Amino acid sequence: ASLMAFKMNENHWNVLIDFMESHKEFARGQFVGPSGKTTQRKLWEELSGKLNSLGHGISKASGKMAKGKIYKCQICYL
(Lines give C-alpha, C1' and ligand atoms only; values in the text may rest on other atoms or scores of the structure.)
Protein backbone atom coordinates (compact mmCIF):
# COMPACT_ATOMS: atom_id res chain seq x y z
CA ALA A 1 0.00 0.00 0.00
CA SER A 2 1.31 3.42 -0.86
CA LEU A 3 1.53 6.09 1.78
CA MET A 4 -0.13 9.44 1.32
CA ALA A 5 2.19 12.33 1.92
CA PHE A 6 1.25 15.97 2.13
CA LYS A 7 3.02 19.27 2.17
CA MET A 8 2.75 21.18 5.38
CA ASN A 9 0.80 24.38 5.12
CA GLU A 10 1.55 27.58 7.03
CA ASN A 11 -0.55 26.50 10.05
CA HIS A 12 1.42 23.26 10.37
CA TRP A 13 4.72 25.12 10.22
CA ASN A 14 3.58 27.63 12.84
CA VAL A 15 2.54 24.87 15.26
CA LEU A 16 5.79 22.98 14.65
CA ILE A 17 7.99 26.04 15.16
CA ASP A 18 6.10 27.13 18.29
CA PHE A 19 6.40 23.63 19.70
CA MET A 20 10.13 23.47 19.00
CA GLU A 21 10.68 26.88 20.56
CA SER A 22 8.77 25.80 23.67
CA HIS A 23 10.59 22.47 23.92
CA LYS A 24 14.25 23.14 23.15
CA GLU A 25 15.38 19.72 24.37
CA PHE A 26 12.95 18.12 21.92
CA ALA A 27 14.18 20.27 19.03
CA ARG A 28 17.76 19.31 19.80
CA GLY A 29 17.02 15.67 20.59
CA GLN A 30 18.67 16.07 23.99
CA PHE A 31 16.90 13.79 26.41
CA VAL A 32 18.88 12.57 29.37
CA GLY A 33 18.27 10.51 32.43
CA PRO A 34 16.11 7.49 33.10
CA SER A 35 12.93 9.19 31.90
CA GLY A 36 14.44 10.67 28.72
CA LYS A 37 12.86 8.23 26.29
CA THR A 38 9.50 8.49 28.00
CA THR A 39 9.62 12.29 27.82
CA GLN A 40 10.60 12.16 24.16
CA ARG A 41 7.75 9.79 23.34
CA LYS A 42 5.21 11.97 25.18
CA LEU A 43 6.38 15.09 23.36
CA TRP A 44 6.16 13.31 19.98
CA GLU A 45 2.61 12.27 20.83
CA GLU A 46 1.73 15.81 21.88
CA LEU A 47 3.22 17.32 18.71
CA SER A 48 1.60 14.77 16.41
CA GLY A 49 -1.76 15.37 18.11
CA LYS A 50 -1.47 19.11 17.55
CA LEU A 51 -0.46 18.69 13.91
CA ASN A 52 -3.10 16.04 13.22
CA SER A 53 -5.80 18.25 14.70
CA LEU A 54 -5.10 20.76 11.92
CA GLY A 55 -6.01 18.23 9.26
CA HIS A 56 -4.05 17.56 6.13
CA GLY A 57 -2.10 20.16 4.28
CA ILE A 58 -1.67 20.23 0.55
CA SER A 59 -2.09 16.63 -0.61
CA LYS A 60 0.18 14.90 -3.06
CA ALA A 61 0.25 11.23 -4.00
CA SER A 62 3.62 9.81 -3.12
CA GLY A 63 5.21 6.64 -1.84
CA LYS A 64 7.67 8.66 0.23
CA MET A 65 7.14 10.08 3.68
CA ALA A 66 8.20 13.61 4.58
CA LYS A 67 11.65 13.76 6.04
CA GLY A 68 10.78 15.07 9.51
CA LYS A 69 14.36 15.02 10.72
CA ILE A 70 15.40 17.41 7.98
CA TYR A 71 12.59 19.80 8.90
CA LYS A 72 13.50 19.45 12.54
CA CYS A 73 17.15 20.27 11.86
CA GLN A 74 16.25 23.26 9.71
CA ILE A 75 14.07 24.66 12.48
CA CYS A 76 16.83 24.20 15.08
CA TYR A 77 18.97 26.67 13.19
CA LEU A 78 16.33 29.37 12.70
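Let's start with His23: leaving aside neighbours within four places in sequence, His23 is in contact with Leu43 and Glu46, where contact means heavy atoms within 4.5 Å. His23 is found in the loop between H1 and H2. At 17% relative accessibility, His23 counts as buried. Buried here is under 20% relative accessible area, exposed is over 50%, and partly exposed is in between, with a 1.4 Å probe and protein chains only.

A quick word on the model before going on. This is a predicted model, so to speak of local features we need pLDDT of at least 70, and side-chain atom pairs count only at pLDDT 80 or more, while totals for chains, interfaces and linings use all residues. Residues are numbered from 1 along each chain as its sequence is written, and side-chain values use heavy atoms, with hydrogens and water left out.

Now the overall layout. The protein has four helices and two strands, and from the N terminus on the order is β-α-α-α-β-α. Helices (H or I, at least four residues) and strands (E, at least two) are DSSP runs, numbered from the N terminus. There are 78 residues in the protein, and 21% of them are buried. The accessible surface comes to about 6000 Å², with 55% of that belonging to carbon and sulfur atoms; the areas come from the Shrake-Rupley method with a 1.4 Å probe, and for residues only the protein chains shown count as cover. Of the contacts between residues at least 6 apart in sequence, 75% join residues at least 24 apart.

So what sits in the largest nonpolar core? Nine residues: Leu16, Phe19, Met20, Phe26, Ala27, Phe31, Leu43, Leu47 and Leu51. A nonpolar core, for us, is a set of buried Ala, Val, Leu, Ile, Met, Phe, Trp, Tyr and Cys residues joined through side-chain atoms within 4.5 Å. Helix H1 (10–22), helix H2 (24–28) and helix H3 (36–53) each supply at least two residues of this core.

Let me pick out Phe19, in helix H1. Phe19 is buried, with a relative accessible area of 3%. Not counting residues up to four places away in sequence, Phe19 touches Phe26, Leu43, Glu46, Leu47 and Lys50. Take that Lys50: Phe19 and Lys50 are 31 residues apart in sequence, yet 9.3 Å apart in space, C-alpha to C-alpha.

Phe31 is another core member. Setting aside neighbours within four places in sequence, Phe31 contacts Glu25, Phe26, Gly36, Thr39, Gln40 and Leu43.

On to H3. H3 has 18 residues and reaches 26 Å from first C-alpha to last, close to the 26 Å expected at 1.5 Å a residue; the expected span is 1.5 Å times one less than the number of residues. Which residues of H3 are buried? They are Gly36, Leu43, Leu47 and Leu51. Seen down the axis of H3, these fall within an arc of 70 degrees, so they line one face of the helix; the arc is that of the directions from the helix axis to the C-beta atoms. The buried residues of H3 pack against H1 and H2. On the face turned away from that buried side, H3 carries the exposed residues Lys37, Lys42, Asn52 and Ser53. Just after H3, Gly55 takes a positive phi of about 85 degrees.

One last stop, back in helix H1, is His12. His12 counts as buried, at 2% relative accessibility. A polar contact of 2.8 Å joins the side chains of His12 and Asn9. By polar contact I mean a pair of N or O atoms within 3.5 Å; within protein, one must be able to donate a hydrogen and the other to accept it, and residues adjacent in sequence count only if both atoms are side-chain atoms.
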